[in-house]
Amino acid sequence: WILTRDWSKWCPSPIRLKDWEPVARTDKMDREMMLKAYYFLNKTFMYIKFTRRYGKLYFLNPVFIKTEVFKRFETLGFVPFLKHIFRLLRVQN
């Protein structure tokens with residue numbers, strides 16, 4: 001079930017690694033399904049966190065933009081941040 005022994009791929013936050021793919025699989029899920037499940041969980045947790053903290057229209061809240069969006073731009077960079085956002089948006093509910 002373990003697909004790679006390269007310890008540099010074992011990361012709790014794959015957004016920081018370029019072209020990250022799951023390092024393991026199960027008997028029911030392949031790499032693609034695991035990646036979709038990862039982004040689905042992230043999307044769900046982020047939605048709950050942001051709506052509780054900033055309100056239903058959190059994406060219009062200037063405090064959200066300042067503390068969440070700009071902070072991630074600074075730490076990740078522009079292109080990795082946008083790739084992550086598009087992957088999150090692509091996952092269906």
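This report describes the helices, their packing, a pocket and selected residues of a predicted model.

## Basis of the model

Local features of this predicted model need pLDDT of at least 70 and side-chain atom pairs count only at pLDDT 80 or more, while totals for chains, interfaces and linings use all residues. Residues are numbered from 1 along each chain as its sequence is written, and side-chain values use heavy atoms, with hydrogens and water left out.

## Overall fold

The chain contains 3 helices and 0 strands, in the order α-α-α along the sequence. Helices (H or I, at least four residues) and strands (E, at least two) are DSSP runs, numbered from the N terminus.

The chain has 93 residues, of which 19% count as buried. Buried means under 20% relative accessible area, exposed means over 50%, and partly exposed lies in between (1.4 Å probe, protein chains only). Among the contacts in the chain with a separation of 6 or more, 33% come from residues 24 or more positions apart; contact means heavy atoms within 4.5 Å.

## Packing of α2 and α3

Helix α2 (residues 62-76) packs with α3 at an angle of about 125°, and their axes are 7 Å apart. This makes α2 oblique to α3. On the α2 side the contact is formed by V69, R72, F73 and L76, and on the α3 side by F78, P80 and F81. By class, these residues are 6 nonpolar, no polar and 1 charged.

Axes are lines fitted to C-alpha atoms, for helices over the stretch in contact, and angles run from 0 to 180 degrees between N-to-C directions. Angles under 35 degrees count as roughly parallel, over 145 as roughly antiparallel, 65 to 115 as roughly perpendicular and the rest as oblique. For residue classes, Ala, Val, Leu, Ile, Met, Phe, Trp, Tyr, Cys and Pro count as nonpolar, Asp, Glu, Lys and Arg as charged, and the others, Gly among them, as polar.

## Packing of α1 and α3

The axes of α1 and α3 cross at roughly 95° and come within 9 Å. The two helices, α1 and α3, are therefore roughly perpendicular to each other. In this contact Y39, N42, K43 and M46 of α1 meet H84, R87, L88 and L89 of α3. The contact of α1 with α3 divides into 4 nonpolar, 2 polar and 2 charged residues.

## The second largest pocket

The second largest pocket holds about 220 Å³ of space. Its lining consists of 10 residues, and those closest to the pocket centre are K36, Y39, R87, R90 and V91. The most is given by α1, with 6 residues. The lining of this pocket has 5 nonpolar, 1 polar and 4 charged residues.

On a 1 Å grid over the protein atoms alone, a cavity is a set of points where a 1.4 Å probe fits but cannot get out, whereas a pocket is an open set with protein on both sides within 12 Å along at least five of seven lines; lining residues have an atom within 4 Å of a point. Grid points are joined across faces, edges and corners, and a volume is the space filled by probe spheres set on the points.

## Selected residues of α1

F40 is a residue of helix α1 and is partly exposed, at 34% relative accessibility. F40 and R90 are 50 residues apart along the chain, with their C-alpha atoms separated by 9.3 Å. L41 also lies in α1, where its relative accessibility of 44% counts as partly exposed. From L41 to V91 the C-alpha distance is 9.8 Å, across 50 residues in sequence.

R31 belongs to helix α1 and is partly exposed, with a relative accessible area of 34%. R31 and E21 are 10 residues apart in sequence, and 7.0 Å apart in space from C-alpha to C-alpha. Apart from its neighbours within four places in sequence, K49 is in contact with E68 and R72.
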